[in-house]
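Biologist: Can you put the model up? I'd like to go through it piece by piece.
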Amino acid sequence: MQITVETVGLCRKRIQLVIPPERVKEEVNEYIRQASTTLRIPGFRPGHVPRAVVEQRYGKAIRKDVKESLVNDGYQQALKEHNIQPLSTPQVDLEAIPLDEKTASRSTSSSTRGRSSNPKITVGSPPRRNR
């Protein structure tokens, strides 16, 4: 996963995630495998639901979960790698982020507020009062 962080304002950062298609496909396959072992669908024994049936019925929901998981993992990794301490929750539009298993998925819409790593604080002596 390629992560780029740019400073947008004094206390704002924009995080761009580039997720390789292999990682997306791997995550989708893992979610489908887990779902097929736990789902109970009429006509199939528990834990023996074919992959095609799982994809047909729950494909959109699984891809949404994968997207949320990958964006969350990338966000946490960016916070750790770039020493960002968020002041609030990030603004992410998951609907605008494409999830493609053939080309790299890009997320440029996630932004977060972060503190500067080296804030400048100057302290002077208090003003004198005339009595």
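Biologist: How much of the protein is buried?
Modeller: Buried residues make up 27% of the 131 residues in the protein. Buried means under 20% relative accessible area, exposed over 50%, and partly exposed in between, with a 1.4 Å probe and protein chains only. This is a predicted model, where local features need pLDDT of at least 70, side-chain atom pairs count only at pLDDT 80 or more, and totals for chains, interfaces and linings use all residues. Residues are numbered from 1 along each chain as its sequence is written, and side-chain values use heavy atoms, with hydrogens and water left out.

Biologist: What about the accessible surface?
Modeller: It comes to about 9,600 Å². Carbon and sulfur atoms account for 48% of that. The areas are from the Shrake-Rupley method with a 1.4 Å probe; for residues, only the protein chains shown count as cover.

Biologist: Which pattern does the chain follow?
Modeller: Along the sequence, β-β-α-α-β-β. That is 2 helices and 4 strands. Both are DSSP runs numbered from the N terminus: helices are H or I with at least four residues, strands are E with at least two.

Biologist: How far apart are the ends of α2?
Modeller: Helix α2 covers residues 51-81, and its end C-alpha atoms are only 37 Å apart. A straight helix of 31 residues would reach 45 Å at 1.5 Å a residue. The expected span is 1.5 Å times one less than the number of residues.

Biologist: Where does α2 bend?
Modeller: At Y58, by about 80°. That is the angle between axes fitted to the seven residues ending there and the seven starting there. Just after α2, N83 takes a positive phi of about 50°.

Biologist: Switching topic. What makes up the largest nonpolar core?
Modeller: It has 12 residues, among them I19, V24, I32, V54, I62 and L70. A nonpolar core is a set of buried Ala, Val, Leu, Ile, Met, Phe, Trp, Tyr and Cys residues joined through side-chain atoms within 4.5 Å.

Biologist: Which helix gives the most to this core?
Modeller: α2, with 5 residues.

Biologist: And what does I32 touch?
Modeller: Leaving aside neighbours within four places in sequence, I32 is in contact with R51, V54, E55 and I62. Contact means heavy atoms within 4.5 Å.

Biologist: You mentioned R51 and E55. How do they pair up?
Modeller: E55 forms a salt bridge with R51, the closest N and O atoms being 3.0 Å apart. A salt bridge is a side-chain nitrogen of Lys or Arg within 4 Å of a carboxyl oxygen of Asp or Glu. Both residues lie in helix α2, 4 residues apart, about one turn. E55 is partly exposed at 28%, and R51 is partly exposed at 39%.

Biologist: How many salt bridges in total?
Modeller: The count comes to 5. One of them joins R33 and E30, at 2.6 Å from N to O.

Biologist: Which residues are linked in a network?
Modeller: R23, E27 and D73. E27 bridges to R23, with the closest N and O atoms 3.9 Å apart. Those two both lie in helix α1, 4 residues apart.

Biologist: Is E27 buried or exposed?
Modeller: E27 has a relative accessible area of 17%, so it counts as buried. R23 is partly exposed at 25%.

Biologist: What does S69 touch?
Modeller: E27 and Y31, not counting residues up to four places away in sequence. S69 sits in helix α2. At 18% relative accessibility, S69 is buried.
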